[in-house]
Amino acid sequence: MKTAAFLTVFLLFAGLSPAQQVKWNYDKLAARASETVDVSLDGALLRLATKFLSDDNEDEAKVKKLVAGLKGVYVKSFEFKKEGEYSAADVESFRAPLHTSDWQRIVGVHSTEDGEDVEVYIKNEGKAISGLAIIATEPKELTLVNIVGAIDLDTLSELGGHFGIPEVEVEKKK
Amino acid sequence: MPQRAPSTAGALDFAGLVRQHQAMVFSVAWHFLRDHALAEELAQEVFLSLHQHLATLESPEHVQFWLRKVTANRALDVVRRQQRRPMVSLEVVPEPVAATSAGDPMLGETLRKLVATLPEKARMVVILRYQEDLDPTEIAEALSIPVGTVKSQLQRALALLRAKMSRSLGEKAI
Amino acid sequence: MNLEDELRSALRRREPSPDFTDRVLARVAAAPAPHAARPWVRWVAALAASVLLAAGAVEYRHYQGERAKSQVLLAVRIAGSTLHKAQRKVQMLHTAHRSVS
């Protein structure tokens, strides 16, 4: 029976995927989560993936253009059975690696209405963006995103809000 | 890219691979064929083939992919050759040893028998989905059929099983 | 009753006979050594084998590629929707701020 192998194509050492820009350690969180989505794609896998993305499909063509040249895409999303399974200290531990001079927080939204918070950080190298990090929290869900490379934020956001994005079953590993 | 293991038979210890994967291979065959002796024979032949092809397999993940694919397709070949459809029977069939389950054993046995009455492709799709926890893309790759076909077969199989379970158990809705 | 949960339970893996591994290893050990064939037969067999090997490797590469594609689409969907949500909230805050001032 598949356990930790789902969607994870790398061995995870101390919660850190190879070539991931942000040193997040989410082992404890993963142990408490009822469901986990785990995507780890380095440059080689991204290049392989782009060969299978269709130019004839509008959304796939946009995704293909978006990820071309990226060095890594890492997404961890944890769902919990009840509220309170992760603490403010847990979230702060994910912020800590981004409190350096080369990371800049460009968006910080806190919503008391629905308890959803989103923080978006970009990594600067000179005038160019060389990375993106997102920390998104909801009462029963926590998502961490690290994209390594020059990512087009407008296109990414547009794809995220676009109904036409391919319906991908969010198969979760337990 | 997943780390590439040395592709030598020594690096991928054959006996260890048999012990590691025998439950998977045997169970796919047994759930599909519902014949213990035939399932063991098929499983043995799969591992004999593995031994012959071991040097060509790149990694432990490749071994698992190969075993699932070969087991599924060989099992389908057996049924096609024999053109047999297992009958739903109330006869108590000796069960192979299984880990303790919290579920209702009678319900489980009824379900297994009903799965065995599904058309061959649908039966294998259900087994790969619920025994091996494969997603539709992985099932499609294992059986060399389109993902859309996998999804529609899964949908139809579940509907059929629900209807048969209702009749079998006399429940109004499942 | 959740049918999918019941199916997972009903279709859980089972072990074959306790001596299964020993029997496999015994069969492997007993498999006859391939006898020398005429050169052209060996050449055809080698070609057939290499085609099969290449097909196996190609199939696995295709499997890896399709999986990588699924994962990229999933990652973009999650990252994109999170970013989009943040942008919407910022826009709503701007709108609320403008209407108040």
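**View 1. Helix 2 of chain B and its surroundings.** At 1.5 Å a residue, the 18 residues of helix 2 (residues 36-53) of chain B should span 26 Å, and the end C-alpha atoms are 26 Å apart, which agrees. That expected span is 1.5 Å times one less than the number of residues in the helix. Helices (H or I, at least four residues) and strands (E, at least two) are DSSP runs, numbered from the N terminus. A quick orientation: this is a predicted model, where local features need pLDDT of at least 70 and side-chain atom pairs count only at pLDDT 80 or more, while totals for chains, interfaces and linings use all residues. Residues are numbered from 1 along each chain as its sequence is written, with chains lettered from A and ligands numbered from 1 in the order in which they are written.

Which residues of helix 2 of chain B are buried? They are B:Ala39, B:Glu40, B:Leu42, B:Ala43, B:Gln44, B:Val46, B:Phe47 and B:Leu50. Here, buried means that 20 or more other C-beta atoms, placed from the backbone, lie within 10 Å of the residue's own. Their cover includes helix 1 (14-33) and helix 3 (60-82) of chain B, along with helix 2 (20-30) of chain C.

**View 2. Chain B as a whole.** Chain B has 7 helices and 0 strands. Of its 174 residues, 38% count as buried. Among contacts in chain B between residues at least 6 apart in sequence, 69% join residues at least 24 apart; a contact means C-beta atoms, placed from the backbone, within 7 Å.

**View 3. Where chain B meets chain C.** This contact takes 41 residues from chain B and 30 residues from chain C. On the side of chain B that touches chain C, helix 1 of chain B supplies the largest share, 10 residues. That side divides into 24 nonpolar, 12 polar and 5 charged residues. In this grouping, Ala, Val, Leu, Ile, Met, Phe, Trp, Tyr, Cys and Pro count as nonpolar, Asp, Glu, Lys and Arg as charged, and the others, Gly among them, as polar.

**View 4. The largest nonpolar core.** Look for 50 residues here, with B:Ala29, B:Ala75 and B:Val126 having the most contacts inside the core. A nonpolar core is a set of buried Ala, Val, Leu, Ile, Met, Phe, Trp, Tyr and Cys residues joined through C-beta atoms within 7 Å. Helix 1 of chain B gives the most to this core, 10 residues. Domain 1 (8-84) and domain 2 (102-174) of chain B both contribute residues, so the core lies between them; the domain bounds come from an automatic or database domain assignment. Leaving aside residues up to four places away in sequence, B:Ala75 touches B:Val28, B:Ala29, B:Phe32, B:Leu33, B:Leu42 and B:Met124. A second, separate core of 49 residues includes A:Ala49, A:Tyr74, A:Ile134 and C:Ala75.

**View 5. Strand 2 of chain A and its partners.** In strand 2 (residues 72-79) of chain A, 7 of the 8 residues are buried, so the strand is largely enclosed by the rest of the structure. Strand 1 (residues 35-42) of chain A runs antiparallel to strand 2 of chain A, joined by 8 bridges; strands pair if DSSP finds at least two bridges between them. A:Gly72 in strand 2 stands opposite A:Asp42. Strand 6 (residues 141-148) of chain A also pairs with strand 2 of chain A in the antiparallel sense, over 8 bridges. There, A:Thr143 of strand 6 is the bridge partner of A:Ser77.

Definitions and conventions:
Buried ≥ 20, exposed ≤ 12 C-beta atoms within 10 Å, placed from the backbone. Contact = placed C-beta atoms within 7 Å.
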